[in-house]
Structures are given as structure tokens and as C-alpha cells.
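User: I have a sequence and a model open side by side. Please walk me through the fold in short steps.

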Amino acid sequence: MPDSYGSNGCSTVTRVLFCGPYWPVATIYTKEYLQDYPFIQVDEVGLDQVPDVIQNYHICIVRNRRIDADIIAKASQMKIIMQNGVGLEGVDINAATEHKIKVARIPGTTTGNAISCAEMAVYLTLGVLRKQKEMDTAVNQRDLGIPVGETIFGKTILILGFGAIGYEVAKRLRPFGVKILGTKRNWSSNALPCDTDTLVDKKGVPEDMYEFAGESDIVGIVGHKFLSAMKKGSYLVNIARGRLLDYKAVFNHLESGHLAGLGIDVAWTEPFDPEDPILKFSNVIITPHVAGITEHSLRTAAKIVRDVALQLHSGEPFTGIEFVN
């Protein structure tokens, strides 16, 4: 590593590390946008290699790599740990703060990630209602007129954690003629769009979720107690965090028929195990963590990573990211 540093405290080459091989297009686009800046180096390494090389980098894009206190202690030149999106649950933020490393996310409203995720939520909802896997089987077997699906019209949908994505989901579901329930810690937040009241038929706080579960046909992000509180024959859709789902509870409720269908873009283990027994159910749809992965969202995020790298190198104020410490 060069010993010379600029006014920003970085070496004459600012190094950006992408952790792991998944979501590869993000790295490709970032390199594309930085190809005219030889003083910015962008690398991608395997998840297991991160602890061995992190001391060489100034910016870390974590993806699905857990960045714990031990790894942070090795990151002697690190200035910013960030996510190419919003999820930072794998980063030890307290440890980063102790080592004077900033932790940041790229807001979904900035990149279009929230809109992309909302579209996937609608896709999965319609897929489980109209029995996508059974339709594929029917086509392969040269059948017609089966399966008999459900309409989304008239359904009650519970959105747990009514944030940026929840708002975009509600906005897209409203024209289908549904009733929307939502839970949020603080509904008086100025961050909520002004038309939120027209989108949500019934508001509640997290403590209301069990009551709301009994009223809802379609919900997401739950455990055993919540699943049991849901109406028999309801559907579960999750585009948030795979580990928020209680796998055993979901499996058992699918097996018993209490759950009518499951549509998820995130799973309890990633990459998803193609031999997982939950795939035996014809009413389960799983997509490979692509809810926020669109051409628009990836290119916008790559431009923000480019800008952050250039701003760090030159000592300019950061734009386009949200610090959490």
C-alpha cells in the first residue's frame, strides 16, 4: 500500500471492496463508472477472503457478508462500510463506531430500490394467488382451465413495517380494490408521503400486529405465534429479510394447510438450497433475492458508489448515502 495520503486521510489510491460474488452486476457497473479514474481501484473478493484483505481497503460494500467486530478490527484503513442498498443488519455498527468507521446505506428512494421491491411484492402476491407453479405444471401436462386461482380483489393485506417499500407496495396494490392495514412505530413521521392516509385503511403499531393478523388475507415477516394468529387460508409474502421468518413454523403451517401460499424473495439460508423440502409444496414461489435488482436501481446505486469513492478521495462532503452512526 502507498504511504502517501491526501487531505482526506486516504492513500493516493482509494480502494473499494465488494464482498462476495453475488449480485455481480453491481461490481461491473461500478467499475464501468470509475474506469476513467485510475486513482480509484474496485475489487471483488470471495466471502471467505474478506478478513484476509480488508486491511487494504477504504470503502467496503458488504452485500451479504457479515462484518463483525473481529473483521472491523482488521480494517485499519477503512473509512466507510456501506451497503449497496438498505440492509445493514450484518454490520457491527458499534464496533465500526469505536474504530471511527462510518456506516452508511443507500436509501431505496434514491435508487428506485423501494419501487423495484414493491413491484416484486406485487408479483409474488399475484403468483401465489394465481398458483404459478401449478400453472407451469398444467402447461407442461397440456392441461387447460386449471388450476383455479384466487383474485386479489377484495382481499385484506397487512403491511408490517410501513416504510419506504411498504408505501410503494400500498400505492401499487390500492388500484386492485384491496383493504390495506399497516403497522409502524411512528405514523406522525414527516418522512411519510402526504397521501399515506388515503392508502392505508387501518393503522397500528407493532403491538397491534396479532390483532391485524386475524383480519388479513396476505401478510409478511412472521414467526409461529403470528402465523397461528393469521386466518386459515391466508398467504405469506416476504421481500424483506429471510431470517425474519421462522422456517419451521412456515413449513408446518404450509403442511397443515393453514397457510394457503408462500411467496418469498429472501430465505433463511442464502443462496437457497434447491433441495430444501419446502419446495415440494406447489403453493410456494421463491425468487433468488432479486426484488431490488433492476437495471435502473443497480446503475443508480453504482453511480452513488462511484460518487462516494471520488468524494472520499478528494475530501469532499458525501452525497447520496445515509449514515447510521
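User: What does Ile157 touch, not counting residues up to four places away in sequence?

Analyst: This is a predicted model, where local features need pLDDT of at least 70, side-chain atom pairs count only at pLDDT 80 or more, and totals for chains, interfaces and linings use all residues. Residues are numbered from 1 along each chain as its sequence is written, and side-chain values use heavy atoms, with hydrogens and water left out. Contact means heavy atoms within 4.5 Å. By that rule, Ile157 touches Ile152, Leu173, Val178, Lys179, Ile180, Leu181 and Ile218.

User: Why is β6 largely enclosed by the rest of the structure?

Analyst: Strands are DSSP runs of E, at least two residues; helices are runs of H or I, at least four; both are numbered from the N terminus. In β6, Thr156, Leu158 and Leu160 point one way, and Ile157 and Ile159 the other way. In a regular strand the side chains alternate between the two faces of the sheet. β6 is largely enclosed because the number of its residues that are buried is five of the five.

User: In β7, what is the bridge partner of Leu158?

Analyst: β6 and β7 (residues 179–183) run parallel, joined by five bridges. With α8, the two strands make a right-handed β-α-β unit. Right-handed means that, with the strands pointing away from the viewer, the path from the first strand over the helix to the second runs clockwise. The β7 partner of Leu158 is Leu181.

User: Which are the edge strands of the open six-stranded sheet?

Analyst: Two strands pair if DSSP finds at least two bridges between them. The order is β2-β1-β3-β4-β5-β13, with mixed pairing. An edge strand here pairs on one side only, which gives β2 (40–45) and β13 (322–323).

User: What angle does the direction of helix α1 make with that of β2?

Analyst: Axes are lines fitted to C-alpha atoms, for helices over the stretch in contact, and angles run from 0 to 180 degrees between N-to-C directions. Helix α1 (residues 24–33) packs on the sheet and touches β1 (14–19) and β2. Its angle with β2 is about 165°.

Technical notes:
Buried means under 20% relative accessible area, exposed over 50%, partly exposed in between (1.4 Å probe, protein chains only).
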